[in-house]
Amino acid sequence: MDNTEKLHSITVGFPEVQVFVKKSKKAKRVSLRVSGANGNVFLIVPVRVSMQDAENFACEKVGWIRKQLVSKVEKTSVQHGTILPIGGVPHKIIAGYGKKIIFKDRTIIVPFKRKSFNSGLKAFLIELARQRFCERTDYYTKLIGKEYSRINIRDTKSRWGSCSAEGNISYSWRLILAPNSVLDYLVVHEVSHLVEMNHSINFWNEVETLMPNYKEFRSWLKLNGERLHSYQF
Ligand SMILES: [Zn+2]
């Protein structure tokens, strides 16, 4: 079920969910399957059913797909010994002495005796995300000569980022776990909304000007995004 390389895929809903299409001679009706291992979504389409009907079916079920993704994707409870990606690079959480959380050389040293181990580590990562998002947002807004009002860092499952008409930009802190270029793509996406408050062709042109290879990072997010939510603090 996980060999997706040769499969055609479609996207449904917004934020988009990638759905891999599997034509089936045996299947009697269109159905959806969500892999618990990696959150890949498959649309099983009997050969006699048209792609349009199958796509409509997937679009109608997007709410169901999202629920499955949240409940089925394997959860990793974060503790000493857990390998946590930071900027997409695996970091091992190791026990240390002292009071501070230290982040270096592919390790995160979390004090062994710290009572609030999980909430402390989560707060540390949120702060790390805030710093990076502020830095990158400043960089890209200067590049296009626009200004934003404020940056909010959130922990939302429904979206990775948003930009209001007032220029308030929100980001999900969990993107600090993704490769840096994926976090940058989100910044480019939201900053481009300061120019175009929609997802028109002009908007995507703006994104492409700032980041010519943005599609690569957008697909990374579609494919792996759910996994960023699998870490439990
Ligand atoms: Zn957008």
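User: Are F203 and W204 buried or exposed?
Analyst: Both F203 and W204 are buried. The term means under 20% relative accessible area, against over 50% for exposed and partly exposed in between, with a 1.4 Å probe and protein chains only. The model is a predicted one, in which local features need pLDDT of at least 70 and side-chain atom pairs pLDDT 80 or more, while totals for chains, interfaces and linings use all residues. Residues are numbered from 1 along each chain as its sequence is written, and side-chain values use heavy atoms, without hydrogens or water.

User: What makes the rings of F203 and W204 an edge-to-face pair?
Analyst: Rings of Phe, Tyr and Trp (its six-membered ring) pair if their centres lie within 6.5 Å, and planes under 30 degrees apart count as stacked, over 60 as edge-to-face and the rest as tilted. The centres of F203 and W204 are 4.9 Å apart and the planes stand at 75°, so the pair is edge-to-face. A search of the whole structure finds eight aromatic pairs.

User: Why is the pair of Y185 and Y214 called stacked?
Analyst: The ring centres of Y185 and Y214 lie 6.2 Å apart and their planes meet at 15°, so this pair is stacked. It joins distant parts of the chain, with Y185 in helix α4 and Y214 in helix α6, 29 residues apart. Y185 and Y214 are buried. Ring pairs link Y185, F203, W204 and Y214 into a cluster.

User: Which protein atoms are the donors of the zinc ion?
Analyst: The donors are NE2 of H189, of H193 and of H199, at 2.0 to 2.1 Å from the zinc ion. The cut-off for a donor is an N, O or S atom within 2.8 Å of the metal (3.2 Å for Na, K and Ca); water is not among the atoms, so the site may look incomplete. Along the chain the spacing of the donors is H-x3-H-x5-H.

User: Why does H189 count as buried?
Analyst: H189 has a relative accessibility of 7%, so it counts as buried. H193 also counts as buried, at 7%.

User: What makes the phi of D105 worth noting?
Analyst: D105 has a positive phi of about 40° although it is not a glycine. Most residues other than glycine have a negative phi. R106 also has a positive phi, of about 60°, and is not a glycine either. D105 is found in the loop between β8 (102-104) and β9 (107-111), and R106 lies in the loop between β8 and β9.

User: How do you know whether D105 is buried or exposed?
Analyst: Its relative accessible area is 67%, so D105 is exposed. R106 is exposed too, with 54%.

User: How many helices and strands does the protein chain have?
Analyst: There are six helices and 13 strands. Both are DSSP runs numbered from the N terminus: helices are H or I with at least four residues, strands E with at least two.

User: What share of the protein chain counts as buried?
Analyst: Of its 233 residues, 45% count as buried. The C-alpha atoms fill a box of roughly 65 × 45 × 25 Å along the principal axes.
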